[in-house]
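The sequence and the structure are shown first.

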Amino acid sequence: MSPSFRRPARVTSPARDRVHRRCWRPRLAVGAALLGALLGSLAACTPTPAREAAGDGAEALRAAMDSLTSVIVYDIFSPPQASRVYAYASVAAYEAARHADAGARSLAGQVARLAPLPAPQPGAAYHWGAASVRAFLVVGRQLTFSRDRMDSVRAHFDRVLARAGIPRADLERSLAYGDTVGARILAWAGTDGYLQSRGMPKYSVSREPGRWIPTPPAYMDGVEPNWGTIKPFTLDSVAAFRPAPAIPFDSARGSPFMRQAQEVVETARGLTDEQRNIAAFWDCNPYVMNVQGHTMFATKKITPGGHWMAITGLVTRQAGSGLVPTAEAYARTAVALADAFIGAWEEKYRSAVLRPETVINKWMDEQWQPLLQTPPFPEYPSGHSVISTAAAEVLTDLYGDAFAFTDSTEAMYGLP
């Protein structure tokens, strides 16, 4: 069952429904801005003990998310690893922000292993946007490698807040609460089996027919073969939503398996420019190896999960979502992505299906190359399809079927 972010007594409130209709009315998306300007918009707001005005802190949280994505790209996190970072950081942001809305529920007791978090001081004034972003950055820093980069973001955030005219005691109290929430979330993250998975065996390449093997040009080892052992957030079992079995391997000409490979070859021959652009837009391979003669170098890009977290930021901005709805959207989407990756990866290495590139090169055309570089893990199921469906379901549940937006996520990577 999906966790609830709202108290039951308020779910059917007509007054609340009217408020949410106003908050979700589409408006023109705000263009990208410097982090300082975004943080300044948060700092200019006046904190209140129980509630913040619509939009207070939301833009700063979006800026923090963009900064985390930049670090994840720089550190070359694999898609599953990135999803874990997004999930814990987003839950931390939500747990600190939710106190701005008396109707927002904690995820403690709803998602696996999360115990109740410390409550704010009764009656004390807090700047919930500051607390939320601080909690987000505390977790993001600890779960990434380039901590100096995260430190720079936090230092800038702190400087902006220090000049914002917020009473010093209130600001210190808010940041301290963010630190507390962040520390508790990190302790929770330590119970999911991630560290134990670092010591597990790598994927073993074998001669078994139809079993996945590394692909050119880098022939990288299988990425995260033990990710299916990571404890999920909401799934009762990692195998709860296993897909139908993959088509059995059969190299005989005309077999169902080889017909799939032939379909790939024929489709690749007739691609239009639009189809090529669409494929590049959704590639999201975080580590593409480029080969020029005897030289090989890597191109870093956003992960599939990072793409969807960016979409979440676009959607919440366009909808005019304030701090708590924005934090909720990030947390819902990130948790769904994380569990989707765990489930998909468990099946990938359980069935270990060969990639089309391997099949076509060995049995059909040894010179054939795919449009996009084949990522280093088994074929089935499509990770993009699994995680994108999960994210789309969450955002549709939040914003409805009729919500339209323009995805400019890949513009920074030169894609239209």
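Glu347 is buried, with a relative accessible area of 1%, where buried means under 20% relative accessible area, exposed over 50%, and partly exposed in between (1.4 Å probe, protein chains only). The model is a predicted one, in which local features need pLDDT of at least 70 and side-chain atom pairs count only at pLDDT 80 or more, while totals for chains, interfaces and linings use all residues. Residues are numbered from 1 along each chain as its sequence is written, and side-chain values use heavy atoms, with hydrogens and water left out.

Glu347 meets Arg350 in a salt bridge, that is, a side-chain nitrogen of Lys or Arg within 4 Å of a carboxyl oxygen of Asp or Glu. The two residues are 3 residues apart in helix α13 (residues 323–351), about one helical turn; helices are DSSP runs (H or I, at least four residues), numbered from the N terminus. Arg350, at 46% relative accessibility, is partly exposed.

Two further pairs can be set beside this one.

| Salt bridge | N to O distance |
|---|---|
| Glu347 and Arg350 | 2.9 Å |
| Glu172 and Arg168 | 2.9 Å |
| Arg141 and Asp151 | 2.6 Å |

Arg141 in helix α6 (residues 128–143) and Asp151 in helix α7 (residues 147–162) are 10 residues apart, whereas Glu172 and Arg168 both lie in helix α8 (residues 168–189), 4 residues apart. Arg168 is exposed at 66%, and Glu172 is partly exposed at 44%.

Across the whole structure, a search finds 20 salt bridges; Arg6, Asp101, Glu328, Arg332 and Asp397 are linked in a network of them.
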